[in-house]
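Here are my notes on this model, for someone who has not seen it before.

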Amino acid sequence: MRSAARVVVVGGGVVGASVLYHLTQAGWSDVMLIERDELTCGSTWHAAGGMHTVNGDPNVARLQQYTINLYREIERISGQSCGVHLTGGLMLAGTRERFDWLRMAQARGRYLGMELEMLTVEEAAQRFPLLDKRHFVGAMFDPVEGHVDPYGVTHAYAKSAQIAGAEVVRHTRVVDLKSRADGTWDVITDHGNVHAEHVVNAGGLWAREVGRMVGVELPILAMEHQYLITEEVPQIAGLPEQLHCIDFEGELYLREERGGMLLGTYERAGVPWSPVATPWDFAQSLLPNDLDRIAPSLELAFQHFPALGEVGVRKVVNGPFTFAPDGNPLIGPVKGLRNFWVACGVMAGFSQGGGVGLALSQWMVNGDPGSDIWAMDVARYGGWATLAYTHAKVRENYSRRFRIRFPNEELPAGRPLRTTPIYDRLHEAHAVFGEYCGLEHPLWFAPSEAQAREEVTFHRSNAHAHVAAECRAVQERVGLLETSNYGKIEISGPEAAAWLSRIMANRVPAVGRIALTPMLNDRGKLIGDFTMCRLAEDRVLLIGTLAAETYYLRWFERHLPPAGVHVRACAMEHVGLSVAGPASRALLQSLVRDDLSNSTFPFLTFRRVDIGMVPALLGRISFTGELGYEIWVSPDYQRALYELLVTAGAERGLAPFGARALNAMRIEKGFGTWAREFRPIYGPHEAGLGRFVALEKGEFIGRAAAVSERARGGELRLIGFAVDAAEAGGGADAIGDEPIWHDGQVVGWVTSGAYGHRVGRSLALGYVPAALASASAGFEIEIIGERRPAERLEACAYDASGLRMRS
Ligand SMILES: Cc1cc2nc3c(=O)[nH]c(=O)nc-3n(C[C@H](O)[C@H](O)[C@H](O)COP(=O)(O)OP(=O)(O)OC[C@H]3O[C@@H](n4cnc5c(N)ncnc54)[C@H](O)[C@@H]3O)c2cc1C
């Protein structure tokens, strides 16, 4: 074993082996993998090896495509077979909603280059003769699906890496990790130590334990998972290999295995395994079978695929594997630690392992993952994702693995966790709440408690009319919105402003002013959008996305000077209420001494004021497009502030509004938001944020790339559409990720969509190639399998002059 290496990868499952291989491909050959037992001995060896390209997140789907296409390459390099069976796959729909869901997945696949095909039940039965047609309404066929041999894949990665100079050490356990002052690591093993520049935690079932060695509690939990393999099934004897098959309503997956069928299920009553600590003596082990637990699923399987009930069971496998609360991997550098990386929580190692290895290796070698991996970034979780929260969410996620998550569906596990002081008051006002980073926030308000329930649907829901009323109140009178769910970070110190000017693309505002700014990475891509509020010469409050707080902090940490700047996350120290609408100024003016007239408190002013008896920070800013103010107070004052505004607002027709109305109004204004319009695959010019990039202010991160983007015009352009949405079935608007067609070709994708109540039109925002951005006609947006005519909007749909919010 070497005593020093550039990288030590801890863990030789499919993920660690993939990371090792990809590091060598990215040009780092002085790398080693340390495995405490044999390669694959954790969750990898007993996996069913199924692989597929379809994923709810298009960026994850891209990495899944990459993974599957990689197998031939690592076979070629290593000479080790991956046992690839590219059978193609069927996704079976048992209900109309599921069929719609599949049609939406097919549509998303169009701009990912996937050739997904919708089938009738008859067509599905021809391709998969085991199914009983009575239980299904249709299916989707994906030619790029099948299964691999877990042992073969892992060894093919490892051998390919070894050929390129990597070392693989077996039967050696990493027992501790100690950081040195220069950011390097001493990797302490039971067979000696290694000095490493970087450490990757690919510990799979033990990733939590490896995290604890460096004081990090990763939000992952292992669940028991069972599949069985039947005796030979006579009905398929002599036929070509059966397709990989997912039966969503049965919550089952199937594939052929040596003449029989492998049948797995994500049962509703899933059971966590080793919820607190994973035993170190578990290697190449299985758990006792518990067929009773999956009996309801098996009953369905025998109804849906009757031939399976007629044959015996050859083998049952019960093994554990890990999940993050949302089921996506956790990858990337860990905030607060230097040169410490994770690649864990990978629940679909044979679909995602390659993409995870690629992204992580690019990140380590080039400083950037090279693609949009926000959905997998370990930084999407913060301190709120405790062990118990993780347990609640993972169990929920496991039990719903094959169930539809409707776009307006809020899931109940682990709630309520974080609430603000006015939670019960909002409840009394019949708020329907959503959860975001564990925090409850109102989505919309119902007229009565009995009506405060939302039907889940792909169409407009029962909330539609109530959201319309909220938008009308904001447009005509004044609305009150809780804004506590924004992220807040305070930057202070003598160098704060100079440093921020290097980090942010826009100028730091003067004291008492607000500036909107993108944050760019070195490639000039968007990695954040903020409202910078200048409190004092040496203090700026950044307001951004709560879910990205750890992501921002990690970036700031990387760029902090040794002294002179202090960064502090303070989201919940400033809880918020916002008033918006033409009467909002008069309402506030009745409660404050300061002059709020447009000349003394113009748009983008930010000041400390007293509202009644409540000390507050008041910013004049608007995400609704109406005259509006954001008010920030410490939590102990929020209730008093709420009561004050509600009481004083009564005579002005004040009405509460929620996130749904806000979303509809910001889309009417063409305002983008993080993780939708703003992601690290877009440049500021492409995203319509060019006016917030102050190229002339001097050097800042991403400036050179922004200059070149502006000169070239960028490849894409964010534009707005008015969609001729279908009115049938209550109407269906775009929600995001739908393909945009132009003259019969798929040319782009929708990032957000909603019904614009103030303009009375269905709206969408989305990216198209820059060359098409001024095309006057020929656009369509595919909504639930129907191509709907879409008109490109020259300007935002509502108050394009901006007069309403500025005067
Ligand atoms: C029954 C079952 C069926 C499955 N079916 C599929 C499927 O069809 N398709 C699919 O894509 N996925 C499937 N999976 C999931 C798949 O197994 C996982 O996605 C994959 O194994 C994750 O690999 P990993 O490398 O992250 O973790 P692991 O395989 O657990 O690897 C981690 C490795 O790290 C080593 N290690 C940990 N700590 C240390 C330490 N301190 N020192 C040294 N070594 C250490 C361990 O010994 C282990 O070998 C299935 C899982 C189960 C249980």
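1. A polar contact here is a pair of N or O atoms within 3.5 Å; within protein, one must be able to donate a hydrogen and the other to accept it, and residues adjacent in sequence count only if both atoms are side-chain atoms. Oxygen atoms of the ligand are reached by backbone N or O atoms of L205, at 3.2 Å, and of G349, at 2.8 Å. On its own the ligand has 1,000 Å² of accessible area, and the protein covers 98% of that (Shrake-Rupley method, 1.4 Å probe; for residues, only the protein chains shown count as cover).

2. This is a predicted model, in which local features need pLDDT of at least 70 and side-chain atom pairs pLDDT 80 or more, while totals for chains, interfaces and linings use all residues. Residues are numbered from 1 along each chain as its sequence is written, and side-chain values use heavy atoms, without hydrogens and water.

3. The shell around the ligand holds 39 residues, and the closest are E35, R36, T44, G50 and V346 (a residue is near if one of its heavy atoms lies within 4 Å). By type, the shell has 20 nonpolar, 16 polar and three charged residues (nonpolar: Ala, Val, Leu, Ile, Met, Phe, Trp, Tyr, Cys, Pro; charged: Asp, Glu, Lys, Arg; polar: the others, Gly among them). At least two shell residues come from each of α1 (14-25), β12 (221-230), β17 (313-323) and α8 (349-366).

4. Some backbone geometry deserves a check. Most residues other than glycine have a negative phi, and most peptide bonds are trans. R258 has a positive phi of about 45 degrees, in the loop between β14 (252-257) and β15 (260-265). S274 also has a positive phi, near 45 degrees, and is in the loop between β16 (272-273) and α7 (295-304). R258 is exposed at 60% relative accessibility, whereas S274 is buried at 14% (buried is under 20%, exposed over 50%, partly exposed in between; 1.4 Å probe, protein chains only).

5. Where is the cis peptide bond? R415 and P416 are joined by it, with omega about -10 degrees. P416 is in the loop between α9 (387-399) and α10 (423-428).

6. Overall, the protein has 18 helices and 38 strands (DSSP runs numbered from the N terminus: H or I of at least four residues, E of at least two). Of its 807 residues, 62% count as buried.
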